[in-house]
Amino acid sequence: MPAPTAEPVGPHLPEGALTLGTVDALRDALGPGTGPLDLSGVARVDMAGAWFLAASGRPLRGARPEVAALIDLAAAAMPAPAAPAARPSWRLPSPRGLVAGLAFFGRVLVLAAALPRHPRRLRLTSTVHHLRETGLTAIPIVTLMSFLIGVVLAFQGAAQLRQFGAQVFVVDLIAISVLRELGVLLTAIIVAGRSGAAFTAAIGSMKMREEVDALRTLGLDPVAVLALPRILALVIALPLLTVAADVAGLLGGAAMSWIELGVSPAMFVARMEAAIGASHYLVGLAKAPAFALIVGLTGCWFGLQVGSDAESLGRMTSRAVVVAIFLVIVADAAFSILFAVLGV
Amino acid sequence: MTAALTVEGLVTGFGDRTIHDGLSLTMHRGEVLGVVGGSGTGKSVLLRAIIGLVPPRAGRIDLLGTRMDEAGEEARRAALRRTGVMFQDGALFSSLTLRQNVEAPMLERFPGLDPRTSRGAAELKLALAGLPPEAADLRPSEISGGMRKRAGLARALALDPEVVFLDEPTAGLDPIGASAFDALILDLKRALGLTVFFVTHDLDSLAAICDRVAVLADRRVVAVGTVPELRATGHPWIERYFGGPRGRAAFGG
């Protein structure tokens, strides 16, 4: 609709239509005042125009019937100005959330502990499905990443160790760092970003569509139905992924050692056998179930915290990943201290 | 009376399932056209095809003089700007408050709009839709389903459209709320000359506000007309629809 712009005509309103697009110009043209307005020139108003006229508080004269009808409609519906609701822009994280999170952890443990006594409570199909989703389909990315980390370690280590003529120690460097730390840690981080986020998004969207409430009304425990199979699957999958990551990391390191330092694969294996005990491998593997528990618990917990709007789904998903990675690294530090004390 | 909407020979479907097969329908300017049909007869799909969310397989769709089936993106957007759509559950943007939801189309259309204008117009539209002023600052997740429907209507009316598509607007409302909604549609139709495409199951709404009713069955519009005219066709589904106990209660027949 072509909208004629308002010209300053004092109490006479410009000819033509008064619509959303022309209200601002008219307000500027009229300025403040309480004098009557002559609407005889106004051919048409829309709701925004009617609102403006009704809200101006001025007496209105000479309006055409259809214009007057709309202004009356607007005047009748016009809301009393409401005080804007105070909305806290930010909130301190409350310790209640932490306590509730711990309670959730306990609940999962209790349910899991009951499984050996009541094996039929295990949701096998669901668990196997999540095992495939979190385990099998993660193998390509986990092994590729670990392989590349092995390559990088060997490359960087070679450059330093060559200065001392201690090339062969690159094997120790790679084996210890991959088996003990990097293999399991990077796998856990990838799984947190991949499966932990997927848990939150899946459970969160079920929460949004009231599926979680529907489960409750059917007498089913959402934690047992939704969280437990996912966490269980992750606790099984993450150690297996760690083994794959360890192998891939060592392969990458061995390949790069061969190319860069001339350490043949046979030498690499012999050096590993001589210098590196199984303990490094076991220490790394022992951390995997703990990391899996952290990732699975945070993913499912934040999924259940999703509200009914799309924004909270996104917020909770990102929070789940950040918290999971943070806790995994904290746990890794705690494990380091523990193993140092134990002397392994 | 000129036509606001003409649909001719519309064919739609998903995969090997045909929803509409040769559907034709005309909506005049300034009328409230009720669209009824059993569940799964494609009422919502018809609405989505008209506004371009479902590409038709064949047929002609003429909305406010624009061929929605073959027009370019620009022309279709221009035609859609003159229409408002209210989806079944409101389809409000969940990260915005109700007022921001209504302001969004206004600011999209007139980017430099004075905040006082958009705010005032949005609050008026929310009030017109029957929402209390304090609801304007709430988010969709904080209000009831009935209020979401009202807010959805307010957003559909944001740009003073010529044609409004309503998908089951009174479903899930209490009888008082549904009657108030019907009265609101009638008021708006009178005051704004609104043309309304009204998908509904609510027989009371049909009786109260629809000028004509189109009946979807057998993948087509089997009859259009006032309710007495429809009953005169003797179509078995129409007879069951309006002749059942609920129909008799609403139409006194």
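How much area do chain B and chain A bury between them? About 2300 Å², with 66% of it on carbon and sulfur atoms. Buried area here is the accessible area (1.4 Å probe) that two parts lose on being put together, summed over both.

Before you click: this is a predicted model, where local features need pLDDT of at least 70, side-chain atom pairs count only at pLDDT 80 or more, and totals for chains, interfaces and linings use all residues. Residues are numbered from 1 along each chain as its sequence is written, chains are lettered from A in the order in which they are written, and side-chain values use heavy atoms, with hydrogens and water left out.

**Stop 1: chain A.** Select 16–77 for domain 1, then 95–342 for domain 2. These bounds come from an automatic or database domain assignment. The C-alpha centres of the two domains lie 65 Å apart.

**Stop 2: the interface.** Show the contacts (heavy atoms within 4.5 Å). On chain B, 29 residues touch 24 residues of chain A.

**Stop 3: the salt bridge.** Pick B:D114 and A:R27; their closest N and O atoms are 3.3 Å apart. The rule (a side-chain nitrogen of Lys or Arg within 4 Å of a carboxyl oxygen of Asp or Glu) finds one salt bridge across this interface.

**Stop 4: the helices of chain B.** Now select α4 (115–128) and α6 (175–192) of chain B, the elements that each give two or more residues to the side touching chain A. Helices are DSSP runs (H or I, at least four residues), numbered from the N terminus. α4(B) gives the most, with nine residues.
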